[in-house]
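Please keep the sequence and the structure in view while reading.

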Amino acid sequence: MDLKIFGAVDDYITGLFEQEDSSLAATEQSIKESNIPRISISPNQGKFLQMLARLCHAKKILEIGTLAGYSTIWLARALPEDGKLITLEYEPLHARVAQKNIDHAGLGSIVEIREGKGIDLLPKLVEEGAGPFDMIFIDADKPPYKEYFDWSLKLSRPGSLIVADNVIREGKVLNDKSPDEMVAGVKRFNAALAANPAVTATIIQTVGAKEHDGMALAIVK
Ligand code: SAH
Ligand code: DHB
Ligand code: MG
């Protein structure tokens, strides 16, 4: 399949709406300079998530997997001045670079980065009564996606939106025998999501500047 057309159309859309300002461009630059993996969401995906956050009238957002703060900035910009975004990140370098990018974007008072493993930090959020979050974006390591989702449900209320990135992996989820632990992780998550009576859920495929993938969307009943 010729994937070039998807990239070209994605660029066309980005150009039409001028999706990035200097803070987001600086964030992308920081990823290159710090040798951080180039796995942030794309500009159009950022706009899409921001619009979802606005549709939710989100005042509180939780993100699992910060990287350099690119998706964080898109999401935090949907929040009112007294809004709050908590983002969880395991790698100290990523957290450090993200903090700089978030401060540079003027979002330092709205965004709180918590350093550690998602699986350790999520129970703490429940314990301290940090929820309910209006929107949750799951985008960290893939093997524990199902567990991240289960904790996300505990941090939700009816009507909360939970989004999970990278659940299609170029269609590798269709391969029963894929040895890739990331593929196995999202397949396990997708099956559990579809069987979970607590949510209304679907998956949309994503194509464009990034490889063919998908985002799961779930509304808590
Ligand atoms: N949401 C970001 C991309 C996140 S990439 C964006 O679109 O801009 C995935 C991130 O999850 C990486 O920064 C990685 O270090 C982090 N991560 C990996 N394992 C983790 C874990 N166990 N807990 C929390 N974060 C983790
Ligand atoms: C990977 C992780 C992501 O969050 C992503 O959007 C793309 C790739 C990865 O770990 O390979
Ligand atoms: Mg991702």
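The axes of helix α1 (residues 4-17) and helix α3 (residues 43-55) come within 9 Å of each other and cross at roughly 60°. Axes are lines fitted to C-alpha atoms, for helices over the stretch in contact, and angles run from 0 to 180 degrees between N-to-C directions. Helix α1 is therefore oblique to α3; angles under 35 degrees count as roughly parallel, over 145 as roughly antiparallel, 65 to 115 as roughly perpendicular and the rest as oblique. From α1 the contact (heavy atoms within 4.5 Å) draws on D10, I13, T14 and F17, and from α3 on P43, N44 and K47. These residues divide into 3 nonpolar, 2 polar and 2 charged, where Ala, Val, Leu, Ile, Met, Phe, Trp, Tyr, Cys and Pro count as nonpolar, Asp, Glu, Lys and Arg as charged, and the others, Gly among them, as polar. Helices (H or I, at least four residues) and strands (E, at least two) are DSSP runs, numbered from the N terminus.

This is a predicted model, in which local features need pLDDT of at least 70 and side-chain atom pairs count only at pLDDT 80 or more, whereas totals for chains, interfaces and linings use all residues. Residues are numbered from 1 along each chain as its sequence is written, chains are lettered from A and ligands numbered from 1 in the order in which they are written, and side-chain values use heavy atoms, with hydrogens and water left out.

The interior comes next. A nonpolar core is a set of buried Ala, Val, Leu, Ile, Met, Phe, Trp, Tyr and Cys residues joined through side-chain atoms within 4.5 Å; buried means under 20% relative accessible area, exposed over 50%, and partly exposed in between (1.4 Å probe, protein chains only). The largest core has 30 residues, of which L49, I61, L75, L107, V111, M135 and V163 touch the most other members. Two or more residues each come from α3, α4 (70-76), α5 (92-104), β3 (111-115), β4, β5 and β7 (213-220), and α4 gives the largest share, 5 residues. Beyond its neighbours within four places in sequence, L107 is in contact with I73, A76, R77 and I102. A second, separate core of 29 residues includes L122, L155, F189 and V220.

Most residues other than glycine have a negative phi, and most peptide bonds are trans. H57, in the loop between α3 and β1 (60-64), has a positive phi of about 50°, as does L67, in the loop between β1 and α4. H57 is exposed at 67% relative accessibility, whereas L67 is buried at 12%. A cis peptide bond with omega of about -5° joins G131 and P132, and P132 belongs to the loop between α6 (118-127) and β4.
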